[in-house]
Every structure is written in structure tokens, then in C-alpha cells.
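Please read them with the structure open.

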Amino acid sequence: SEKRWKQGRPLSILDGVPVVVSDEINLMGYDTTDGTSSTRHKSHLDAFVVEKLRDVGAVFIGKSLIQELNMSLMGNTRHGGTCNPYNPQYSAGGGAAGAAMAVAMGLCPVAIV
């Protein structure tokens, strides 16, 4: 990506941009768990959105925590809660808490949920 940008030939405006993917979305080589151990499987293929973002040069840096089966607002009982990055006494809350926290903390500018 850096070489393409230096040569003035990026794949797209997203070439080299770090992206986090929520745990219910398949990312090749990573476990997909839906926030629970009962559905854990190793992803051998990328989800369609991941595939298309790879095609334009996005760089995937990992997966983010979601609530168990995306059904709770109070944190993930199996993997722990997601604290608000600005006040750890509060939960980031919601199904996209891990992705929201990654963006809020500046780990990446883009999260797919």
C-alpha cells in the first residue's frame, strides 16, 4: 500500500486503511464466534464485504467483541465487557461496542459491524 501511494497509484482511497471487523462477520484465518463458544469456527473464506474491501486495499487488523449472540446490552458474559474508552466505569454498550471502542480509541478509522 505504501509503495502504491508513493508511486501515486493507490488502489482506492481505502488502500492501506486499517479496519476492524465485528465478530459475527467472517474474516479468513480468524475465528468467528458470534460472541459465544457454541458457534466458534475458523473462517476459511472472507465475508462479501471483507472481500470487496480487500480488493480496494483495506488492511484488516482484527476482530471486535460483540455481545453474546448479539442479544444483550450489558456486555459479553463469556468474554467480558467492553468498557467505555473515556470512562471505564461505564460499558460501551450495544452489539457493536467493540467496534465502536476501536474507532473511538483511534485504533482504526473504520469498523465493519
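1. Element order. From the N terminus, the protein chain runs α-β-β-β-α-β-β-β-α-β. That gives three helices and seven strands. Note that this is a predicted model.

2. Overall figures. The protein chain has 113 residues, and 31% of them are buried. Of the contacts with a separation of 6 or more, 55% join residues 24 or more positions apart.

3. Main core. Which residues make up the largest nonpolar core? There are nine: Val19, Val21, Ile25, Leu27, Val50, Leu53, Ala58, Phe60 and Ile112. Strand β1 and helix α2 (48-55) each supply at least two residues of this core.

4. Val20. This residue sits in strand β1. Is Val20 buried or exposed? It counts as buried, because its relative accessibility is 6% and the cut-off for buried is under 20%. Beyond four places in sequence, Val20 is in contact with Ile61, Gly62, Lys63 and Ser64, and also with Ala102, Cys108, Val110, Ala111 and Ile112. Val20 and Ala99 are 79 residues apart in sequence, yet their C-alpha atoms are 6.6 Å apart in space.

5. Salt bridges, overall. How many salt bridges does a search of the whole structure find? The search finds five. Side chains of opposite charge can pair when their charged atoms come close.

6. Arg4 and Asp15. Their side chains meet in a salt bridge, 2.7 Å from N to O. The pair links distant parts of the chain, 11 residues apart. Arg4 lies in helix α1 (residues 2-6), and Asp15 in the loop between α1 and β1 (18-22). Arg4 is partly exposed at 29% relative accessibility. Asp15 is buried, with a relative accessible area of 3%.

7. Asp31 and Lys42. The closest N and O atoms of this salt bridge are 3.7 Å apart. Here too the partners are 11 residues apart: Asp31 is in strand β2 (residues 31-32), Lys42 in strand β3 (residues 41-42). Asp31 counts as partly exposed at 28% relative accessibility. Lys42 counts as partly exposed at 42%.

8. Asp46 and Arg54. This salt bridge has an N to O distance of 2.6 Å. Asp46 counts as buried, at 16% relative accessibility. Arg54 is partly exposed, at 35%.

9. Val59 lies in strand β4 (residues 59-64). Why does Val59 count as partly exposed? Its relative accessibility is 38%, and partly exposed covers values between the 20% limit for buried and the 50% limit for exposed.

Definitions and conventions. Residues numbered from 1 in each chain as written. Predicted model: local features only at pLDDT ≥ 70, side-chain atom pairs only at ≥ 80, totals over all residues. Heavy atoms only, no water. Helix = DSSP H or I, 4+ residues; strand = E, 2+ residues; numbered from the N terminus. Buried < 20%, exposed > 50% of the residue type's maximum accessible area, 1.4 Å probe, protein only. Salt bridge = Lys/Arg side-chain N within 4 Å of Asp/Glu carboxyl O. Core = buried A, V, L, I, M, F, W, Y, C linked by side-chain atoms within 4.5 Å. Contact = heavy atoms within 4.5 Å.
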